[in-house]
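This note concerns the aromatic side chains of the model shown here. The points below may be read alongside the sequence.

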Amino acid sequence: MCGIVGYIGHRPATKIVLNGLKKLEYRGYDSAGIATIQNGKIAVRRDEGKLHNLETMLASSPINGQLAMGHTRWATHGEPNRRNAHPHTDESGTVAVVQNGIVENFIPLKKELEARDHHFQSDTDTEVIVHLIDENLRQGHDFVTACRMAFRRLRGSHAIVALSKLAPDKLVAIRLGNAGGVTIGLGDGETFLASDMPAILEHTRRMVFMEDGDMAVITAAGVEFSRLDGTVIAKTETTVAWDPVSAEKGEYRHFMQKEIAEQARSLADTIGTRVDFETGAVHLPDLNLSPDDAQSIRRMVITACGTSAYAALVGKFMIESLAKIPVEVDYASEFRYREPVIDDHTLLLAISQSGETADTLAAMDEARKRGARLISIVNVQGSMAERISDGTILMHTGPEIGVASTKAFTASLVDQLLLAMALGQMRGTLDAAESHALAQALLALPAQAGNVLADGNDFETIVNRFYERAHFLYLGRGINYPIALEGALKLKEISYIHAEGYPAGEMKHGPIALIDDWMPVVAIALRDAVYEKMISQIEQVKARNGTVIALTNSGDARVAALADHVLTVPETHPLVSPVLAVLPLQQLAYHMAVRRGNDVDQPRNLAKSVTVE
Ligand code: AGP
């Protein structure tokens with residue numbers, strides 16, 4: 001959702017904040033703004049649209065100071081225009097505020113403040129925070145107390161940063177609920193703040209992560225944490241492993257392109273030293289699961305959103321096959337709105353690249369209340385999902401900036417396979433021969449992925465022929481049915497082409513009516529247990545004048561003879577096959593979006609981390 005950056009120290013603050021915002025623009029790009037304190041007064045620059053507009057404005061009308069805060073907006077309340085862009089200030093220019101989240105009780109608060117002669121200038125919920133703080137200042141409270149009193153009145157989930165000309169040496173930040181992370185970066189005589197670490201990674205790797213209800217008073221010398229009731233708390237500093245270069249686009253045109261290309265390396269890092277390739281034994285020390293714990297699991301629920309939920313559907317196959325545990329997959333956004341049957345023999349696995357998706361965190365809370373043990377697969381170290389879990393598998397892919405998730409998807413598939421193997425080994429359901437076979441497949445995987453990505457599947461011909469089509473159908477079966485869903489989602493997100501993923505066997509129950517010579521059908525037909533069935537689906541499509549783009553194994557002449565176009569991946573173990581199968585589908589979506597002239601890294605209406613419900 002929205003992105004926030006803050007800085008206080010000895011360097012030009014607005015420049016550092018603007019650069020930080022550039023790294024966070026994937027979180028929202030409806031408008032952007034920066035506030036600082038210049039010559040004792042709050043100075044604000046903000047504009048609608050992408051960050052580039054703000055940058056142009058700052059170039060012609062610069063502001064600077066020793067502290068600054070900035071915001072990229074993904075609009076919830078109020079149109080995405082300049083008036084509603086953050087930071088918001090009061091009429092007298094005493095206080096400025098940026099928010100990520102929603103003030104649920106902003107209407108009664110606004111009425112109350114208007115009755116006290118506060119005049120609102122925007123349609124946003126955020127502006128009530130400004131006036132609440134200002135009201136407390138008018139009543140004689142110091143800035144920190146005024147903020148604390150204001151924050152106590154808010155309902156909802158938020159990350160908020162405030163500054164005041166009355167306290168020009170500090171920023172005040174709070175995290176309330178699951179509206180998104182706030183990370184404080186510690187420097188030498190300077191302190192940083194950001195919604196996501198990539199914004200400040202070039203300056204420091206010393207991070208402190210804020211929890212729900214933590215308030216931070218940030219100065220150049222450091223940060224003091226307290227709770228809403230004023231109790232001072234000590235927090236632990238973490239030195240993160242991410243390399244600052246990994247958050248840069250480098251020679252690539254788009255982050256998505258870079259992240260697709262990085263997958264050979266990110267898969268190698270994900271497998272890392274967790275697998276003994278001789279014996280097949282898997283070690284996941286941060287999972288915190290003993291063999292007795294593993295034996296006591298009666299069922300698993302995997303919960304996630306979007307791409308992570310499609311990864312979960314693949315994980316179901318892996319875990320049921322290797323660990324013999326019944327697995328249910330549930331969208332996190334649906335999970336808590338029914339009566340999920342969960343007990344203390346249920347293991348809940350949450351999958352989240354960001355570790356901050358509001359729906360996923362809410363589902364985890366719900367499962368915890370009902371007695372489940374929580375584990376998670378997350379990419380962002382220190383994220384809320386990691387911190388509320390009993391055990392975690394970190395993805396090891398480095399920061400994922402492209403809004404369309406790619407390398408985090410393949411990492412989460414491998415992490416689930418490792419989890420399934422570890423559970424199978426602890427429960428005695430996975431024998432040594434199969435462990436060894438899987439370990440060997442994992443050993444070969446990074447190089448195979450590298451070959452798929454480097455080699456010449458002919459996207460140009462396919463893209464030139466189909467880029468103006470309005471609809472695509474993706475068919476898959478078995479463990480590769482979720483890959484059809486993911487391939488279709490990638491195309492939708494960045495190409496804005498309607499695409500539907502469907503279990504191939506269900507086609508005859510309805511979607512077959514859609515088949516004509518104008519709607520391309522992408523069929524995943526690998527040499528696996530459902531190969532013959534997929535061939536028969538392709539024949540059914542062809543018999544109705546359909547056009548087939550088949551994703552098949554290299555050298556498969558039978559599929560090649562049937563299909564109009566072919567994309568290939570090498571053969572591997574069936575449980576590893578989805579990792580390779582998704583790669584050409586990511587590339588296809590990428591090339592299609594570029595051909596259509598779309599903004600691949602900032603697709604319309606989307607944000608990278610969905611931290612509102
Ligand atoms: C992926 O391409 C999407 N942009 C989106 O579906 C994403 O996977 C989803 O919002 C979940 O995010 P998370 O993994 O950070 O929880």
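1. Phe472 is buried, as its relative accessible area is 1%; buried means under 20% relative accessible area, exposed over 50% and partly exposed in between, with a 1.4 Å probe and protein chains only. Tyr474 is likewise buried, at 0%. The two residues form a tilted aromatic pair, with 6.3 Å from centre to centre and 35° between the planes. Rings of Phe, Tyr and Trp (its six-membered ring) pair if their centres lie within 6.5 Å; planes under 30 degrees apart count as stacked, over 60 as edge-to-face and the rest as tilted.

2. This is a predicted model, in which local features need pLDDT of at least 70 and side-chain atom pairs count only at pLDDT 80 or more, whereas totals for chains, interfaces and linings use all residues. Residues are numbered from 1 along each chain as its sequence is written, and side-chain values use heavy atoms, with hydrogens and water left out.

3. Phe466 joins Phe472 and Tyr474 in a cluster linked by ring pairs.

4. The structure holds 3 aromatic pairs. In one of them, the ring centres of Tyr7 and Phe192 are 5.1 Å apart and the planes stand at 50°, so this pair is tilted. Both residues are buried, Tyr7 with a relative accessible area of 0% and Phe192 with 1%.

5. Two arginines sit over rings: Arg469 lies over the face of Trp518, 3.7 Å from the ring centre, and the charged end of Arg595 lies over the ring of Tyr467, 3.8 Å from its centre. The criterion is NZ of Lys or CZ of Arg within 6 Å of the ring centre and within 35 degrees of the ring normal.
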